[in-house]
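Here is a friendly walk through one protein model, with the sequence and coordinates open beside you. Please keep both in view as you read.

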Amino acid sequence: WSRAATMSCEATPEDEALGGEAGGERQDEGGFYLALCARPVHFEKANPVNCVFFDEANKQVFAVRSGGATGVVVKGLEDKNPISFRMEDKGEVKCIKFSLGNKILAVQRTLKNVDFLNFIPDSPQLEYTQECKTKNANILGFCWTSSTEIVFITDQGIEFYQVVLPEKRSLKLLKNQSINVNWYMYCPESSVILLSTTVLGNVLQPFYFKSGTVSKLSKFEIELPAAPKSSKLSLSERDIALAMIYGQLYVLYLRHHSRTSNSTGAEVVLYHLPREGSCKKTHILKLNRTGKFALNVVDNLVVVHHQDTETSVIFDIKLKGEFDGTTTIHQFVLPPRSIQPYQIPVAGPASVTSQSPVPCKLYSSSWIVFQPDIIISASEGYLWNLQVKLEPVVNLVPDKGRLMDFLLQRKECKMVILAVCSQMLSEPGRGSLSVVATVFDKLNHEYKKYLEAEQSYTLVVEAGQARSNPLLKRPVRTQAVIDQSEMYTHVLSVFTEKKEAPHKFTIAVLMEYIRSLNQFQIAVQHYLYELVIKTLVQHNLFYMLHQFLQYHVLSDSKPLACLLLSLESIYPPAHQLSLDMLKRLSTANDEIVEVLLSKHQVLAALRFIRGIGGHDSISARKFLDAAKQAEDDMLFYTIFRFFEQRNQRLRGNPSFTPGEHCEEHVTFFKQVFGEQALMKPTAF
């Protein structure tokens, strides 16, 4: 499998441009955790008159017909509209790329210079040329590092240029660095170019480019499997990849034979390449097989494709491996699987397209793999993104703790994690409480990390230090942050409603989640306590409820106190428990009354206010309004009579004064119960 930037293959008579963005069809069968994207880029396949190039920085495919004279078509995964243009055929195109933003096109046709063409609206499309400055040097290729900066890589070093004013059509040399170069590699995500130097080619020199400056990073040596027999190039660019994994730059080296003789099979060695400091070997990925391999990086996972068995494996360097003091040795996370079968739609007139789609030949020898996640089939004219599917992974990792460690690092993990949580609480695969506890702790660890970052950010902003620190960014809430409301909505409330688990297990699970939140010092939301109380009440476990409250297992809160007040009819001690809680909270009594009235707990509110001795000063109208809204005549009668008695006691007369604004309630009382039901003043 080559990774060269040009692609060619034998032409077939029917090699015609299909054009258009054809959507492929993925066959949905279980167990495939890798898939090609459903909407690939479709381009004219490579043939004698059509050369195909791929630009790793813009992720664009160029189809160049007859050197550009009969047309160049540029397509990218993100591009809605392809770019089409013609250019003069001035010889065979070796390399073609747009600057970032597609404003300037650079074309290499000879070993000595690169031609440029401006694609700026309203400016003439005239070509201009830049010759390589180093004497007797040959240009191996070039990379755009910004919209106006370009690096020529020659066999004698690098030349860094800036297109100062595109309309002036001239370039300015910013930096020239001499070094013998065998081959080069560019990682656009990190703006680092890696050069292979020395006779054996295994000493690599990285350069970092940023806004007109070049930094030379520390060079390092790749350990070859065995001492080379002759002094010729021993490290091929085919066996090296450059990729960002978890925000860090790594050089991946595919070593076909392990350095230790007793070990069979190839391995991928990861070298961590920091901005400052030396490059170190940090991880070894054991492939346990030999043959032809290709590497991709998807969602921070290293994917290794094996052509002979037509399967792929994935590695996650964040998961625990065996540490030997310097490097961590990893086995693949999941058993080898093929990429999900893929159907290529048949192109042509409508009458013909009724034919069934053609299965795509996966792991074909015409596939070319680019970093991080690109697979191109030059013979079929397709460019795909490789994708990781998380749903099938769930059944391939039996250890729930390890599964969580894996899922929490993935981009689109939230719904899968919530599904795993639901699954471990239900039959047939119900987990033990210790498994449930482990999963909750892993989730709350992520949740707490986010809460702390958010809190630190808020403190800095409130202190007014944000301006002085331009690097300060609001913490990003990833899908791995699963808060209490999500856990409640998607997992816990559904689980308690199902009632399929024994109630002891249900309560233990809820308490385990609360324990985990407390362990990470996360304030528990009242609705979780409410769920516990409701579950206890459903199963008449009042003694347990009493204990939980007595020993403060359930933390005090106003909503919780109100819930307890509403339970008084089925569990009389709840009234006192709630009053005690409210007193501990030293809540404003008016607030408690408001909350109870809003929940139509009118009698409970009245009992509460009597319990604290505030019933002589409360507004009669507020209580009568609430009683009327409850649409319960007997309740209204009881409340009305209470206030009549209060009026009699305080003023010697049961009727309401005009200042109390209760006229409409008096009228309503007469309508329902008759005037004779009104209380008569009693004289002493």
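## A loop residue to start from

Val333 sits in the loop between β30 (328–330) and β31 (342–344); helices (H or I, at least four residues) and strands (E, at least two) are DSSP runs, numbered from the N terminus. The model is a predicted one, where local features need pLDDT of at least 70 and side-chain atom pairs count only at pLDDT 80 or more, while totals for chains, interfaces and linings use all residues. Residues are numbered from 1 along each chain as its sequence is written, and side-chain values use heavy atoms, with hydrogens and water left out.

Is Val333 buried or exposed? With a relative accessible area of 14%, Val333 is buried; the word means under 20% relative accessible area, with exposed over 50% and partly exposed in between (1.4 Å probe, protein chains only). Not counting residues up to four places away in sequence, Val333 touches Ile314, Phe315, Asp316, Leu319 and Phe406, where a contact is heavy atoms within 4.5 Å. One of these, Phe406, has Arg410 over its face, at 4.8 Å from the ring centre. A charge sits over a ring if NZ of Lys or CZ of Arg is within 6 Å of the ring centre and within 35 degrees of the ring normal. Arg275 does likewise over the face of Tyr208, at 3.7 Å from the ring centre. For a sense of distance, the C-alpha atoms of Val333 and Gln130 are separated by 49 Å, and these residues are 203 apart along the chain.

## Charged pairs

Side chains of opposite charge can pair when their charged atoms come close. The whole structure has 27 salt bridges, each a side-chain nitrogen of Lys or Arg within 4 Å of a carboxyl oxygen of Asp or Glu. Three of them are set out here.

| Salt bridge | N to O distance |
|---|---|
| Arg109 and Asp115 | 2.7 Å |
| Lys361 and Glu310 | 2.8 Å |
| Asp625 and Arg621 | 3.7 Å |

Lys361 is in the loop between β32 (358–359) and β33 (367–370) and Glu310 in the loop between β27 (301–306) and β28 (311–315), so their bridge ties together parts that are 51 residues apart in sequence. Lys361 is partly exposed at 43% relative accessibility, and Glu310 is partly exposed at 35%.

Asp625 and Arg621 both belong to helix α13 (residues 620–629), four residues apart, about one turn of the helix. Asp625 is partly exposed at 26%, as is Arg621 at 35%.

## Strands in a row

Strand β7 (residues 72–76) is mostly covered, with four of its five residues buried. Strand β6 (residues 60–65) pairs with β7 in the antiparallel sense over five bridges; two strands pair if DSSP finds at least two bridges between them. β7 also pairs with strand β8 (residues 83–85), again antiparallel, over three bridges. Val72 of β7 is the bridge partner of Val64, and Phe85 in β8 is a bridge partner of Val72. The hairpin of β6 and β7 has six residues between the strands, and Ser66 there takes a positive phi near 45°. β7 and β8 form a hairpin with six residues between them.

## Rings and cores

The structure holds 28 aromatic pairs. Rings of Phe, Tyr and Trp (its six-membered ring) pair if their centres lie within 6.5 Å; planes under 30 degrees apart count as stacked, over 60 as edge-to-face and the rest as tilted. Phe62 and Phe98 make a tilted pair, 5.8 Å centre to centre with 35° between the planes. Phe62 lies in strand β6 and Phe98 in strand β9 (residues 95–98), so this pair ties together parts that are 36 residues apart in sequence. Both Phe62 and Phe98 are buried.

The largest nonpolar core has 124 residues, and those with the most contacts inside it are Met487, Leu492, Leu554 and Phe623. Such a core is a set of buried Ala, Val, Leu, Ile, Met, Phe, Trp, Tyr and Cys residues joined through side-chain atoms within 4.5 Å. A second, separate core of 22 residues includes Val192, Tyr208, Leu235 and Tyr271.
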